[in-house]
Amino acid sequence: MKRIVYLLLALLGITSLTYGFFHFHGSNAIHYVNSATLKGNHFYQNGWYYDGNDWAYVRNGHKLTRNRTINNVQYHFNQNGIQILPYRVNHQYELSANQGSTLQANNKYIILHDVGSEATGTQAASYMQRTAIPNRVYTNFIVGNNGIVYQIKRPSIVSWGAGTEANNNSAAQIELGRSQTQSGFEQDYKTYILLARDLAEKYSIPLTLDAGKADTRGLKSHLWVTQNLWGDHQDPYGYLKEHGISKKQLASDLANGI
Ligand SMILES: [Zn+2]
């Protein structure tokens, strides 16, 4: 029996090493984390680690598993310590590591957009993937098609959605794709809020909308960027209003969740 357990641990250790995420360390093989290794290869912030696909939270050198409360927020982790996200992420339209910026962004803002056309999430994501480099425009995420998150560039890497100062200071920029139905909109909107809140909590960015001037951290609309930093875009308020969501409602949903 003991031999089988060791064999299983060894297999898990080998699998894990291929991801560079775990260190084989006796009976703690699955959950032990060498933070120095992770800091070199993965985004790290306040105990959160992100390898481009999966989030993990490390406390005392070990990844948390099961249901956990971190800074008053409830999270779910599987037995390997990978967070089970409350939304679905699709990587089909993601830019490769050498496409677009390679710079690490400051965790000052998360910027909220809408796509500004009639494009659905997949249409906008596909277009962005094809044109990001020639047009020098992309965001980290597009939400659409009934609440799916399309990742274009991992969070923490600078995106090109709102001018240099906003881009360099945004942990993520999120687009909302168009929906032709109210029920589709509601699923997209709910995911948009979930994603913005989840990222803000991980980066310790305040859940305030459009508060203060350039030096105030928080969630910001593209309109706020125009008013306080640069540019002329006014999204996402026009599209949200078409579906009955006021700025006040958006602020409340971001602050409290849906
Ligand atoms: Zn915008």
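**View 1. Arg59 stands opposite His62 in strand E4.** This is a predicted model, in which local features need pLDDT of at least 70 and side-chain atom pairs count only at pLDDT 80 or more, while totals for chains, interfaces and linings use all residues. Residues are numbered from 1 along each chain as its sequence is written. Strands here are DSSP runs of type E with at least two residues, and helices are runs of type H or I with at least four, each numbered from the N terminus. Strands E3 and E4 (residues 62–63) run antiparallel and are joined by two bridges; two strands pair if DSSP finds at least two bridges between them. Two residues separate E3 from E4 in this hairpin, and Asn60 in the turn has a positive phi of about 50°.

View 2. Look for Tyr49, whose bridge partner in E3 is Ala56.

**View 3. Six strands form an open sheet with mixed pairing.** Follow the order E7-E10-E9-E11-E8-E12 across the sheet. Strand E7 (88–90) and E12 are at the edges with a single partner strand each, so one side of each has no neighbour in the sheet. On average, neighbouring strands are turned by 25° against each other, direction ignored.

**View 4. Helix H5 lies across E8, E9, E10, E11 and E12.** H5 runs at about 180° to E11. Its 21 residues should span 30 Å at 1.5 Å a residue, and this agrees with its end C-alpha atoms, which are 30 Å apart; the expected span is 1.5 Å times one less than the number of residues. Among the buried residues of H5 are Phe185, Tyr189, Ile193 and Leu199. A residue is buried if 20 or more other C-beta atoms lie within 10 Å of its own, exposed if 12 or fewer, and partly exposed in between, with C-beta atoms placed from the backbone.

**View 5. The largest nonpolar core has 45 residues.** Such a core is a set of buried Ala, Val, Leu, Ile, Met, Phe, Trp, Tyr and Cys residues joined through C-beta atoms within 7 Å. H5 gives the most to this core, with eight residues. Ala196 is in contact with Ile110, Leu112, Ile174, Leu219 and Leu254, leaving aside its neighbours within four places in sequence; contact means that C-beta atoms, placed from the backbone, lie within 7 Å.

**View 6. In helix H8 (residues 247–256), Leu250, Asp253 and Leu254 are buried.** Seen down the axis of H8, the buried residues fall within an arc of 100°, so they line one face of the helix; the arc is that of the directions from the helix axis to the C-beta atoms. They pack against helix H5 (182–202), strand E12 (218–221) and helix H7 (237–242). Turned away from this buried side are the exposed residues Lys248 and Asn256. After H8 comes Gly257, with a positive phi near 85°.

Note on methods: Two residues are in contact if their C-beta atoms, placed from the backbone, lie within 7 Å. Axes are lines fitted to C-alpha atoms, for helices over the stretch in contact, and angles run from 0 to 180 degrees between N-to-C directions.
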